[in-house]
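Here's a quick tour for anyone meeting this structure for the first time. Have a look at the model, then read on.

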Amino acid sequence: FFVPTCPMFGWPSGAAPLVLLGLTTAVGAAGGWVHGRVQPKGRQRAVGLCWIQAVVAVPFWVWALMNCVRYGFDLGVVSFACVLAAVALVLRELQSGLELSARRRRLVTSAAAFVSINYWLGVMIVVAQHPERGVLLAYFVVAALWWTVAAIGASRLHQGEEKQDKIPAAIVGQVA
């Protein structure tokens, strides 16, 4: 369950994933910006959000998978897989040119909330069992807040873009 120290740099437990979270957020934001620019105006934020979540989720899913092999079950394997599946479905809908369903948007919101809950559980465990691991606790708190903001962003995305994002299938068929 606990993130080991980073032997390459001698960093304390939690430091490496904290740096990884920052780097993947930056890369995901850049990718989302590039790919979002080619979308109709109402879909740009959805593409950007999906890109950021996907780029962040991939290495952390791999990390959770390695934790499962080394230390036992890590709920991150399931929660990050849910994010990746939800994002893939949303991006597929966006690329198809069809109307993005509210159900898919709620799916991205729920998946991000699932990851956030998983991190908040980690915060509670570290506080209860390992309060001396301050950097690990900081990582769990920052990641929990990150995924909470991602879930809130996704929920507001479908509230704010619901009206401007509707492109009837008949119009899409005429354009294609």
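What follows is a short briefing, from the overall fold down to single residues.

This is a predicted model, where local features need pLDDT of at least 70, side-chain atom pairs count only at pLDDT 80 or more, and totals for chains, interfaces and linings use all residues. Residues are numbered from 1 along each chain as its sequence is written, and side-chain values use heavy atoms, with hydrogens and water left out. The protein has six helices and zero strands; both kinds of element are DSSP runs numbered from the N terminus, with helices being H or I over at least four residues and strands being E over at least two.

**Overall picture**

- Walk along the sequence and you get the pattern α-α-α-α-α-α.
- The protein has 176 residues, and 41% of them count as buried (buried is under 20% relative accessible area, exposed is over 50%, partly exposed is in between, using a 1.4 Å probe and protein chains only).

**How the helices pack**

- Start with α2 and α3: their axes come within 8 Å and cross at roughly 150° (axes are lines fitted to C-alpha atoms, for helices over the stretch in contact, and angles run from 0 to 180 degrees between N-to-C directions).
- That angle makes α2 roughly antiparallel to α3 (the cut-offs are under 35 degrees for roughly parallel, over 145 for roughly antiparallel, 65 to 115 for roughly perpendicular, and oblique for the rest).
- The α2 and α3 crossing is left-handed, a label used if the near helix is turned anticlockwise from the far one by less than a right angle, with right-handed used if clockwise.
- What sort of residues make the contact of α2 with α3? They divide into 21 nonpolar, two polar and no charged (Ala, Val, Leu, Ile, Met, Phe, Trp, Tyr, Cys and Pro count as nonpolar, Asp, Glu, Lys and Arg as charged, and the others, Gly among them, as polar).
- Next up are α3 and α4, whose axes come within 9 Å and cross at roughly 160°.
- That makes α3 roughly antiparallel to α4, and α3 passes α4 in a left-handed crossing.

**The nonpolar core**

- The largest nonpolar core holds 34 residues, and Phe 60, Phe 80, Val 83, Tyr 119, Tyr 139, Phe 140 and Trp 147 touch the most other members (such a core is a set of buried Ala, Val, Leu, Ile, Met, Phe, Trp, Tyr and Cys residues joined through side-chain atoms within 4.5 Å).
- Helices α2 (44-71), α3 (76-96), α4 and α5 each supply at least two residues of this core.
- Which helix gives the most to this core? That's α5, with 11 residues.

**Aromatic pairs**

- Rings of Phe, Tyr and Trp (its six-membered ring) pair if their centres lie within 6.5 Å, and planes under 30 degrees apart count as stacked, over 60 as edge-to-face and the rest as tilted.
- By this rule the count comes to nine aromatic pairs.
- One of them is Tyr 119 with Tyr 139, an edge-to-face pair at 5.6 Å centre to centre and 90° between the planes.
- This pair links distant parts of the chain, with Tyr 119 in helix α4 (residues 102-129) and Tyr 139 in helix α5 (residues 134-160), 20 residues apart.
- Both Tyr 119 and Tyr 139 are buried.
- Tyr 119 also pairs with Phe 140, this time tilted, at 5.9 Å centre to centre and 55° between the planes.
- Tyr 119 sits in α4 and Phe 140 in α5, so this pair ties together parts that are 21 residues apart in sequence.
- Phe 140 is buried, as is Tyr 119.
- Ring pairs join Phe 60, Trp 63, Phe 80, Tyr 119, Tyr 139, Phe 140, Trp 146 and Trp 147 into a cluster.

- Ala 57 has its place in helix α2 and counts as buried, at 0% relative accessibility.
- Ala 57 and Ala 81 are 24 residues apart in sequence, and 7.9 Å apart in space, C-alpha to C-alpha.
- Ala 138 lies in helix α5 and is partly exposed, with a relative accessible area of 32%.
- The C-alpha atoms of Ala 138 and Val 123 are separated by 8.6 Å, with the two residues 15 apart along the chain.
- His 35 lies in helix α1 (residues 15-36) and counts as partly exposed at 37% relative accessibility.
- His 35 and Val 47 are 12 residues apart along the chain, and their C-alpha atoms are separated by 7.0 Å.
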